[in-house]
Amino acid sequence: MDAKMILRMNAADHEISYANNSSFQKQVILKIRPIIEESITDAFKKIAPVCMKVADLGCSSGPNVFLAIWHILDTVHGICQQEQLKLPEFEVLLNDLPENDFNFVFKSIPGFYERLKKERGDMLQERCFIGGVAGSFYHRLFPTKSLHFVHSSYGIHWLSKVPVGLEDNKGNVYMARSSPPSVFKAYADQFQKDFTNFLSLRSEEIMPQGCMVLTCVGRKNPNPSKEIMVGICYPNPFLTWLWRLYIYLFISLYFLTTLSIIEAIKTMKTCFLWTIYMG
């Protein structure tokens with residue numbers, strides 16, 4: 001089955017959903033707000049559209065869905081007020097994979113409209129039209145030269161498929177110290193292929209003088225295996241705990257695939273006690 005038809009975050013009302021565990025991603029969006037404002041200001045002043053078309057790729061579901069969209073609308077609204085320009089209409093297109101919890105997203109739209117009306121007035125609220133577009137952003141999603149602004153936060157590090165050539169990555173479920181160089185190359189090659197494809201597709205969909213703001217995770221060190229244990233030294237206690245939990249889950253997965261169930265349970269108990277001791 002096609003990966004895009006089965007991959008998704010948990011539903012928004014799930015106990016361990018992205019919606020309930022996305023505070024870090026929220027801080028990232030808030031951190032790059034000046035970049036969004038600068039980019040949207042530049043695009044709006046150059047194009048001055050009657051209807052500004054904005055796409056958010058990998059919108060997921062939860063409290064962060066409309067965060068960047070609010071920044072975009074608020075920035076254009078401020079420009080129009082300051083320079084006494086006519087406020088354009090906005091077509092906002094929220095994209096994610098077909099199995100995303102779009103029901104939650106659509107149910108959140110009236111609340112977003114209500115906030116727009118309350119904080120920015122009837123005019124902005126009445127000029128904003130929101131829709132959903134289900135599909136992978138590694139395929140064409142929008143008509144040719146139809147978008148003024150594209151935003152994506154913490155989405156493009158997801159690959160379109162499992163890289164080819166991971167057969168030698170025995171005992172690991174990711175790039176680890178023991179992974180051979182061929183595994184690092186396989187991940188890097190797949191990302192390069194996916195990102196090149198992503199940019200090519202967006203170049204067809206974004207109109208001249210339009211722009212795009214992308215945020216993704218990255219590394220300071222070109223060798224991924226040298227940063228595997230960096231999390232142990234995080235100054236933030238929560239991130240340190242999170243990293244240890246990640247290591248614990250990895251060890252659990254490893255032993256579940258290599259030992260009997262009874263042996264795996266015994267081993268996981270030992271690992272769990274080690275994790276608590278380290279804390």
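1. Phe 102 is buried at a relative accessible area of 10%, whereas Phe 106, at 40%, is partly exposed. Here buried means under 20% relative accessible area, exposed over 50%, and partly exposed in between (1.4 Å probe, protein chains only).

2. The pair of Phe 191 and Phe 195 is also stacked, with 5.5 Å from centre to centre and 15 degrees between the planes. Phe 191 and Phe 195 are both in helix 6 (residues 181–205), four residues apart, about one turn of the helix. Phe 191 is partly exposed, with 29% relative accessible area, and Phe 195 is partly exposed with 26%. One aromatic cluster is formed by Phe 137, Tyr 138, Phe 191, Phe 195 and Phe 198.

3. On the basis of this note: the model is predicted, local features need pLDDT of at least 70, side-chain atom pairs count only at pLDDT 80 or more, and totals for chains, interfaces and linings use all residues. Residues are numbered from 1 along each chain as its sequence is written, and side-chain values use heavy atoms, with hydrogens and water left out.

4. The protein chain has eight helices and five strands, taken as DSSP runs (helices H or I, at least four residues; strands E, at least two) and numbered from the N terminus. From the N terminus on, the order of elements is α-α-β-α-β-α-α-β-β-α-β-α-α. Of the 279 residues in the protein chain, 42% are buried. Among contacts between residues at least 6 apart in sequence, 75% join residues at least 24 apart; contact means heavy atoms within 4.5 Å.

5. Two packed helices are described by the angle between their axes and the distance between the axes. The axes of helix 3 (residues 67–83) and helix 4 (residues 102–120) come within 12 Å and cross at roughly 30 degrees. The axes are lines fitted to C-alpha atoms, for helices over the stretch in contact, with angles from 0 to 180 degrees between N-to-C directions. Helix 3 and helix 4 are therefore roughly parallel to each other, given that angles under 35 degrees count as roughly parallel, over 145 as roughly antiparallel, 65 to 115 as roughly perpendicular and the rest as oblique. Ile 69, Trp 70, Leu 73, Asp 74 and His 77 of helix 3 meet Phe 112, Arg 115, Leu 116, Glu 119 and Arg 120 of helix 4. By class, this contact has five nonpolar, one polar and four charged residues; Ala, Val, Leu, Ile, Met, Phe, Trp, Tyr, Cys and Pro count as nonpolar, Asp, Glu, Lys and Arg as charged, and the others, Gly among them, as polar.

6. His 77 lies in helix 3 and is buried, at 10% relative accessibility. Leaving aside residues up to four places away in sequence, His 77 touches Leu 87, Arg 120 and Leu 124.

7. The axes of helix 2 (residues 33–47) and helix 3 come within 9 Å and cross at roughly 50 degrees. These two helices, helix 2 and helix 3, are therefore oblique to each other. Residues in the contact include Ile 36, Ile 40 and Phe 44 of helix 2 and Ile 72, Val 76 and Ile 79 of helix 3. The contact of helix 2 with helix 3 has eight nonpolar, three polar and five charged residues.

8. Ile 32 lies in the loop between helix 1 (23–31) and helix 2 and is buried, with a relative accessible area of 11%. Not counting residues up to four places away in sequence, Ile 32 touches His 151, Val 213 and Thr 215.

9. Most residues other than glycine have a negative phi. Lys 145, not a glycine, has a positive phi of about 50 degrees; Lys 145 is in the loop between strand 3 (128–134) and strand 4 (147–153). Gln 209, also not a glycine, has a positive phi of about 70 degrees and is found in strand 5 (residues 206–215).

Methods
Phe/Tyr/Trp six-rings, centres within 6.5 Å; stacked < 30°, edge-to-face > 60°.
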